Amino acid sequence: MKPLSGIRIADFTVHNAGPFCTHLLSQLGAEVIKIESAMRLDAFRKPHPVYGRMGPATFDQVASTKLSVRINLKKSEGIALAKRIVAVSDIASESFRPGVMGRLGLGYEALKAVKDDIVMLSVSSSGQSGPDSHFAGYAPLFGAWGGLGELTGYEDGPPVEIRHVMDHTVGMNAATAVMAALHRRRATGHGSHVDVAAREVAASLVGDMLLLAAAGGKPHRMGNTHPRMAPHGVYPASGEDRWLALGVDNDAEWRALANLIGQPELSDDARFATAEARRANSEALDAIVSGWTATQDANAAAERLQSAGIGAHASWTTPEIAADPHLHQRHAIVEVSEPDGKRRAAVGVPMRLSKGAEIGIDRGTPKLGEHEDFVYGDLLGMSQAERKRLEEAEVIY
């Protein structure tokens with residue numbers, strides 16, 4: 001059994017941040033019923049020929065292992081049907097603007113009336129309360145609002161947009177909050193409304209800079225530099241668009257690097273003899289390091305640097321990551337079956353449990369409405385006649 005076996009989630013989330021939360025929970029064993037409609041498909045249920053396939057590549061990474069049913073939430077019978085699913089669930093999750101679920105008749109109080117101990121998760125840009133709660137938002141805005149974008153990029157350049165990493169980070173924070181709410185329910189018998197604001201997640205990632213600003217400092221973009229370590233950054237390697245990331249943490253590592261690049265005399269150079277001196281002369285130091293890395297194969301150089309006790313690795317391309325035997329052995333990258341029987345690679349859950357508690361993706365992306373026989377028939381006990389009537393009325397649609 002997986003750790004969350006027996007937990008059921010009625011999943012109303014769309015796009016990426018909310019769905020990534022329930023995607024993680026599904027890989028931990030929760031039964032996630034994704035509620036969607038042909039009337040208004042999830043924006044990620046769309047083909048991506050740029051990825052080399054006409055299937056919904058983005059949707060794959062937030063929907064694998066989930067069950068799919070169709071419900072038209074624009075109809076009152078659709079709302080009633082959604083409540084029937086919530087009534088047999090432990091969690092209801094949504095990621096609309098604040099107020100949308102309430103206007104549909106599916107707000108927390110309405111769902112609590114259906115199931116008193118329900119845990120409801122709401123993921124939004126700015127939270128369910130406060131003067132900015134009505135704002136819409138997507139991943140680049142989350143980083144901008146939370147200050148993360150302002151601190152990312154080069155000092156002489158603009159802030160950098162932060163896309164999927166923000167959505168996924170929000171999803172992981174939401175999953176943690178939901179687990180806490182489930183633990184509280186087990187202890188007290190009470191459900192709760194979990195309110196996750198994406199901009200607050202972003203702000204939580206720059207806590208040290210917030211403290212610096214509060215103390216009168218002036219945080220700024222530093223590119224790939226480090227406030228203490230030098231050399232530190234991503235340096236050009238041999239070949240087209242090949243790069244090597246490395247960081248020297250102390251004087252011993254610096255001496256090892258000087259020897260490795262064939263310039264041991266640099267260890268005694270007054271410009272580089274101490275960490276403070278290296279940081280002060282980082283521009284000259286970077287030029288020396290770049291001169292060496294530019295002649296090196298990135299992967300081979302990384303192995304030599306690691307052997308010398310220096311943190312380094314090639315900046316891998318996506319195909320290199322997809323082919324990495326380490327990630328495959330640890331099931332961070334797995335193969336799953338699609339409904340058409342084809343096999344494809346998928347990103348697994350980024351954690352491991354001890355043997356006997358296997359977690360991860362069980363199956364590929366569901367077709368729209370693929371699991372209605374189980375959900376409407378086995379789970380809700382709906383007759384074929386009732387299902388046919390609701391389909392003809394475009395409630396199940």
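**View 1. Three strands, E7, E8 and E9, make up an open sheet in that order, with antiparallel pairing.** This is a predicted model, in which local features need pLDDT of at least 70, side-chain atom pairs count only at pLDDT 80 or more, and totals for chains, interfaces and linings use all residues. Residues are numbered from 1 along each chain as its sequence is written, and side-chain values use heavy atoms, with hydrogens and water left out. Strands (E, at least two residues) and helices (H or I, at least four) are DSSP runs numbered from the N terminus, and two strands pair if DSSP finds at least two bridges between them. Strand E7 (232-236) and strand E9 (311-314) are at the edges with a single partner strand each, so one side of each has no neighbour in the sheet. From one strand to the next, the twist averages 15 degrees. Look next at strand E8 (residues 243-247), which pairs with E9 in the antiparallel sense over four bridges; Leu-246 has Ala-312 in E9 as its bridge partner. Helix H13 (residues 298-307) packs on the sheet, touching E8 and E9, and its direction makes about 165 degrees with that of E9. Axes here are lines fitted to C-alpha atoms, for helices over the stretch in contact, with angles from 0 to 180 degrees between N-to-C directions.

**View 2. Two domains are assigned to the protein chain.** Domain 1 covers 8-206 + 326-393, and domain 2 covers 231-315; such bounds come from an automatic or database domain assignment. Their C-alpha centres lie 43 Å apart.

View 3. A nonpolar core is a set of buried Ala, Val, Leu, Ile, Met, Phe, Trp, Tyr and Cys residues joined through side-chain atoms within 4.5 Å. Buried means under 20% relative accessible area, exposed over 50%, and partly exposed in between (1.4 Å probe, protein chains only). Of the 38 residues in this core, Leu-25, Leu-121, Met-166, Val-170 and Val-196 touch the most other members. Not counting residues up to four places away in sequence, Met-166 touches Ala-139, Phe-142, Gly-143, Leu-148, Ala-198, Val-201 and Ala-202, where contact means heavy atoms within 4.5 Å. A second, separate core has 27 residues, among them Ile-35, Leu-67, Met-120 and Met-382.

**View 4. Asp-167 sits in helix H7 (residues 164-188).** Asp-167 counts as buried, at 10% relative accessibility. Beyond its neighbours within four places in sequence, Asp-167 is in contact with Asn-16, Ala-17, Ala-139 and Phe-142.

**View 5. Two aromatic pairs are found in the structure.** Rings of Phe, Tyr and Trp (its six-membered ring) pair if their centres lie within 6.5 Å; planes under 30 degrees apart count as stacked, over 60 as edge-to-face and the rest as tilted. Phe-135 and Trp-145 are stacked, at 5.8 Å centre to centre and 5 degrees between the planes. Phe-135 lies in the loop between E5 and H6 and Trp-145 in helix H6, so the pair ties together parts ten residues apart in sequence. Phe-135 is partly exposed at 30% relative accessibility, and Trp-145 is partly exposed at 30%. The rings of Trp-254 and Phe-272 have centres 5.9 Å apart and planes at 65 degrees, so this pair is edge-to-face. Trp-254 is buried at 1% relative accessibility, and Phe-272 is buried at 0%.
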